[in-house]
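Here are my notes on this model, as numbered points. Please read them beside the coordinates.

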Amino acid sequence: MDSALVLTQIFNGFSLASLYLLAALGLALSFGLMRVINMAHGEMLMLGGYLAYLTLLAVPGPMGILVAMPVAFAGAACMGGVIQIGLVRHLSARPLDTLLATWGVSLILQQAARSLFGAIGVDVTAPAWLDGGFTLAGANVPSSRLFILAVAAAVLAALALVLARTRIGLLVRAVNQDRMMAAATGIDVRRVDLAMFCLGTGIAGLAGVVLALLGPVTPNVGQSYIVPAFLVVVMGGLGSIVGTTVAALLLGLFSALAQIFVDVSVAQVLLLAFVILFIQVRPQGVIASRSRALDA
């Protein structure tokens, strides 16, 4: 077997894992804290991609993509806030209703994007400093995929810092452990839910920006990543950030290495089979969550 091909696929696996991680972190946050499955999460990726496209139209040049990232984060976070306040908050006691309502929002957002931008995708041109790449030990390393890896690492580090070292992180951990007791001690549980939902959708917006560097942004672009993102959350252990990270790495590497032997479609089937077998052996996921909220 060609060692250069294997090394290239290993790098692609890490790059794919970083995309899975950015797409799955928001789902892990919302489910871990509120037990809400947000079916419109893929459309937050789409929204981030379109906001990147509009930002680069307004701010062309090498720094446009860096301006697009906070714009996409803020735009997706605001949309997440509207969804949480308008729907999720009122349906949180009925998980199936939440699932159906957010699915409806997903369809509305897709049609809105189709009406505004058309069914054909729009291209986000990467700045010149992300063109090209280099060869490392025989493996091709494109600069754009290296940038995606750096963004994922920065987001993960920032999220870990927020959860471990800030007051909002302390409140989140308290609500996650025992929602009723946290409310009884005076914590505004609804405000914590809103903050985490906005943070999760904002991260999905960032995922949309880096995804736009790899291909055109279409109304359905988020659907391509939402299923792997759900698989990452389920395999990682519901609500576990560490488990989500490990699961994203496992699934990204598995998918990339499988494509050495089979085409992309068959690799997706093998990926699903791998997750099913893993859950059969370890139903609690990579990391078992210890939370009274999840035990209820």
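1. A patch here joins residues with over 30% relative accessible area and no salt bridge, with like charges joined within 9 Å and nonpolar side chains (Val, Leu, Ile, Met, Phe, Trp, Tyr) within 5 Å. A salt bridge is a side-chain nitrogen of Lys or Arg within 4 Å of a carboxyl oxygen of Asp or Glu. Areas are Shrake-Rupley values with a 1.4 Å probe; for residues, only the protein chains shown count as cover.

2. The model is predicted: local features need pLDDT of at least 70 and side-chain atom pairs pLDDT 80 or more, while totals for chains, interfaces and linings use all residues. Residues are numbered from 1 along each chain as its sequence is written, and side-chain values use heavy atoms, without hydrogens or water.

3. Val242, Val246, Leu250 and Ile287 make up a nonpolar surface patch. Val246 lies in helix α10 (residues 241-258); helices are DSSP runs of H or I, at least four residues, and strands are E runs of at least two, numbered from the N terminus. Val246 is partly exposed, at 31% relative accessible area (buried is under 20%, exposed over 50%, partly exposed in between; 1.4 Å probe, protein chains only).

4. Gln84 sits in helix α3 (residues 64-91). Its relative accessibility is 2%, so Gln84 counts as buried. Beyond four places in sequence, Gln84 contacts (heavy atoms within 4.5 Å) Met34, Arg89, Asp193, Leu194 and Phe197.

5. Leu22 touches Val151, Ala152, Val155, Ile203, Ala204, Ala207 and Val210, leaving out residues up to four places away in sequence.
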